[in-house]
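Dear colleague,

Please find the structure below, handed over for your review. My notes on what was found in it follow directly after.

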Amino acid sequence: MRSRTLFCIACALMLGLFPVAAVAADQNERLNKLEESIKNQQQTIEEQQKTINTLKEEMHRQAGQVNPPVSQVPASPKASGLFGGSSLTNPNISVILDTFVYGSNLDNGELEQRGIPGFTTRGLERRYGFNVDSAELFIFSPVDPYFNFSTNIPVTADGAELEEAYVVTTALPEGFQVKGGKFKSNFSRLDAQHPHAWDFADIALPYRAFLGDEGLGGEKGAQLTWLPALPVYMLIGAEVMQGENDLLFGTDAQEGPHAFSFFVKSSFDTGDNSTLYFGPSMLFGKTRNTNILPDTEVSGKSALYGMEFVWKWKPSSRKSLTLQSEYLHLVQTGDATDQATAAVDSLERRQDGIYVQAIYRIYRWGIGARWEMLDLFNDSFKRAGVQQESGGKPSRATGSLEFNPSEFSRLRLQFTHDRSAPDGRENREVIAQFIFGIGAHAAHAF
């Protein structure tokens, strides 16, 4: 009887402990699953952070940011993208419309003939009334962990044009980066920017005189930059280009690449809320074109030297002040051939130009002023050893008022008093500009 009682008690204890053991096993299994889930999430976060750091680094390097990210880890092809897919298969695509209404005291015929004697025979392409500058299609995407790809295709009334299409390395050591394809040169400040990113509706006068209405434009070639590990930001670069700009170089100047540039960009903080960005540059190569003198072909060598300064003060997210200036100095030697008589004269040019501008922004509003002048210190244009008189120092003064409803739209009203013609005829022009963008677009330059 006693043994039967003991057996019953043992069975009861076992039955009582079995649920406890089962619960403990279930809790251990749940704990293991949670730990495994946390590890997977941490791995996903790390991969996504690598992609974020890589994209930030590319944006900074392309835009010349002052404080580029430290990380140089290439993007992971496993990172999640739009709709859950890979970021490598989901490029950033955007379209930016740049349209304006133009008014002037001159008629369209006078605008077409309004060149700058001694600099360019090209007139103004603006027409009285409604104009569409372009609708630009931008595409950016990582190619793989080692390259990024960007392209820019402006569409105008004359058709589509491939302005930029290039790849950039993302994994070279020691701060080196290579760009190849067709791209906007880093020679100068405005030349590296797209027109919709300018602080005014048109390019500064020295650019129009030496390079054209859109600066150097997209050039085929290769670029090498180096961002050394220094206490301050410094970017050193060199470019070799085909030389297709038909005002400074010309496609027929020489077979193969015949334009080169060197530049240094640096910056440092001038206070808790301000930064100074500056740097010298040089653009040189062979020249052969017919856009400098009427009915004359110019051939020889050209060198354009530049210096840029940008100072930004931004005490809060709602207001800022930007002061910007560039000085350009042209040295050109060669021959001037009369296309009618085939007579050849020697040609020597030493000319310069400068612009100074200020933009004050408060919340969504911006007000700006720009002053521009050519032949500031140098005015030497000799043909066959004889100084060519162009009549005074070309200059312009511009004021603008802009309103930005959001980061995707900009409305700008601009007035310019243009005294760049030697005949003394002034061009008082008004431009109402409207810029609208859709899609993902990389950050603009500092």
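In these notes, a residue is called buried under 20% relative accessible area, exposed over 50%, and partly exposed in between, with a 1.4 Å probe and protein chains only. Asp 295, with a relative accessible area of 58%, is therefore exposed. This is a predicted model, in which local features need pLDDT of at least 70 and side-chain atom pairs count only at pLDDT 80 or more, while totals for chains, interfaces and linings use all residues. Residues are numbered from 1 along each chain as its sequence is written, and side-chain values use heavy atoms, with hydrogens and water left out.

Backbone

Asp 295 lies in the loop between β10 (274-289) and β11; helices (H or I, at least four residues) and strands (E, at least two) are DSSP runs, numbered from the N terminus. The phi of Asp 295 is positive, near 55°, in a residue other than glycine. Asp 375 is likewise not a glycine and has a positive phi of about 55°. Most residues other than glycine have a negative phi. Asp 375 belongs to strand β14 (residues 365-383) and is buried, with a relative accessible area of 1%.

Salt bridges

Side chains of opposite charge can pair when their charged atoms come close. A salt bridge is here a side-chain nitrogen of Lys or Arg within 4 Å of a carboxyl oxygen of Asp or Glu, and the structure holds 24 of them.

One of these joins the side chains of Asp 202 and Arg 126 (3.1 Å, N to O). Asp 202 sits in the loop between β6 (176-184) and α3 (205-210) and Arg 126 in the loop between α2 (108-112) and β2 (129-144), so the pair ties together parts that are 76 residues apart in sequence. Both partners are buried: Asp 202 has a relative accessible area of 6%, and Arg 126 has 16% relative accessibility.

Lys 265 and Glu 308 form another salt bridge through their side chains (2.4 Å, N to O). Lys 265 is in strand β9 and Glu 308 in strand β11 (residues 296-316), so this pair links parts that are 43 residues apart in sequence. Lys 265 is buried at 3% relative accessibility, and Glu 308 is buried at 2%.

A further salt bridge brings together the side chains of Glu 348 and Arg 350 (3.7 Å, N to O). Here Glu 348 counts as partly exposed at 34% relative accessibility, as does Arg 350 at 36%. Elsewhere, salt bridges that share partners join Arg 126, Asp 202, Arg 370, Glu 372, Arg 396 and Glu 429 into one network.

A buried polar contact

Ser 261 is in strand β9 (residues 259-271) and counts as buried, at 0% relative accessibility. The side chain of Ser 261 makes a polar contact with the side chain of Glu 239 (2.6 Å). A polar contact is a pair of N or O atoms within 3.5 Å; within protein, one must be able to donate a hydrogen and the other to accept it, and residues adjacent in sequence count only if both atoms are side-chain atoms.

Helix α2

Gly 109 is found in helix α2 and is partly exposed, at 40% relative accessibility.

With kind regards
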